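Try each one before you read its solution.

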Amino acid sequence: TVSLKEELWQDMKCAMKKKEAGKTELSVIRSVRSAVRNAEIDGKCELDDVGVGSVIAKEMKQRKESLEDFVKGGRADLAAQAKAEMAVLEKYMPRQLSKEEVEAVVRNVVAGMAAEHLKMGDVMKAVMPQVQGKADGKVVSAAVREILQSGPSQR
């Protein structure tokens, strides 16, 4: 199978050949490749697919936040650009877990932990490695909070 970095390189070459039609795709891929390179330089190691995936997830999160700001500010042109960039990034993201799937993972983790005195932070530390890149942290924390507040009988 092709690594995520190799896939980005191949797609960048294709976008360059498309000229005007691949302009957004090219700029997003270049941005991601630059972010990956910077992460590798900062960490003094080469990133594997998981590391590259987390960089892509970070780029996606930045664009989601920008999109919200553009919509609030009434900037439809910039919002459309952010949506187009997010569409390019989605190709490289793993399938995102639904709210129900995240809740199922949280319930499994909570069931495996000592039932007394469960703390939000402890549950989050156990859940996040399982859903890394597949679910937004806000969705995970909301699910953990909801399940912990529901009490032992609802878990």
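## Exercise 1: a glutamate and its neighbours

Leaving aside residues up to four places away in sequence, Glu 103 touches Ala 143, Glu 146 and Ile 147. Keep in mind that this is a predicted model.

**Task.** Find the helix that holds Glu 103, and decide whether Glu 103 is buried or exposed.

**Solution.** 
- Step 1: Glu 103 belongs to helix α5, which covers residues 99–112.
- Step 2: The relative accessibility of Glu 103 is 11%.
- Step 3: The cut-off for buried is under 20%.
- Step 4: Glu 103 therefore counts as buried.

## Exercise 2: the overall form

**Solution.** 
- Step 1: For the dimensions, the C-alpha atoms fill a box of roughly 60 × 40 × 25 Å along the principal axes.
- Step 2: Of the 155 residues, 34% count as buried.
- Step 3: Take the contacts between residues at least 6 apart in sequence: 59% of them join residues at least 24 apart.

## Exercise 3: two helix pairs

Two packed helices are described by the angle between their axes and the distance between the axes.

**Task.** Describe how α6 packs with α7, then do likewise for α1 and α3.

**Solution, α6 and α7.**
- Step 1: The axes of α6 (residues 120–131) and α7 (residues 137–150) come within 10 Å and cross at roughly 135°.
- Step 2: Angles over 145 degrees count as roughly antiparallel and 65 to 115 as roughly perpendicular; α6 and α7 are therefore oblique to each other.
- Step 3: The crossing of α6 past α7 is right-handed.
- Step 4: On the α6 side, the contact is made by Met 120, Val 123, Met 124, Val 127, Met 128 and Val 131. The α7 side supplies Gly 137, Val 140, Ser 141, Val 144, Arg 145 and Leu 148.
- Step 5: Sorted by type, the residues of this α6–α7 contact are nine nonpolar, two polar and one charged.

**Solution, α1 and α3.**
- Step 1: The axes of α1 (residues 4–17) and α3 (residues 49–72) are 8 Å apart, at an angle of about 55°.
- Step 2: That angle makes α1 oblique to α3.
- Step 3: Leu 4, Lys 5 and Leu 8 of α1 meet Asp 49, Val 52, Gly 53 and Ile 56 of α3.
- Step 4: The residues of the α1–α3 contact divide into four nonpolar, one polar and two charged.

## Exercise 4: loop lysines

**Task.** Lys 19 and Lys 44 are up next. In which loop is Lys 19 found, and in which loop does Lys 44 lie?

**Solution.** 
- Step 1: Lys 19 is in the loop between α1 and α2, and Lys 44 is in the loop between α2 and α3.
- Step 2: Though not a glycine, Lys 19 has a positive phi of about 55°. Lys 44 also has a positive phi, near 55°.
- Step 3: Lys 19 is exposed, at 64% relative accessible area, and Lys 44 counts as exposed at 76% relative accessibility.

How values were computed: Residues are numbered from 1 along each chain as its sequence is written. This is a predicted model: local features need pLDDT of at least 70, side-chain atom pairs count only at pLDDT 80 or more; totals for chains, interfaces and linings use all residues. Side-chain values use heavy atoms; hydrogens and water are left out. Axes are lines fitted to C-alpha atoms, for helices over the stretch in contact, and angles run from 0 to 180 degrees between N-to-C directions. Helices (H or I, at least four residues) and strands (E, at least two) are DSSP runs, numbered from the N terminus. Angles under 35 degrees count as roughly parallel, over 145 as roughly antiparallel, 65 to 115 as roughly perpendicular and the rest as oblique. A crossing is left-handed if the near helix is turned anticlockwise from the far one by less than a right angle, and right-handed if clockwise. Contact means heavy atoms within 4.5 Å. Ala, Val, Leu, Ile, Met, Phe, Trp, Tyr, Cys and Pro count as nonpolar, Asp, Glu, Lys and Arg as charged, and the others, Gly among them, as polar. Buried means under 20% relative accessible area, exposed over 50%, partly exposed in between (1.4 Å probe, protein chains only).
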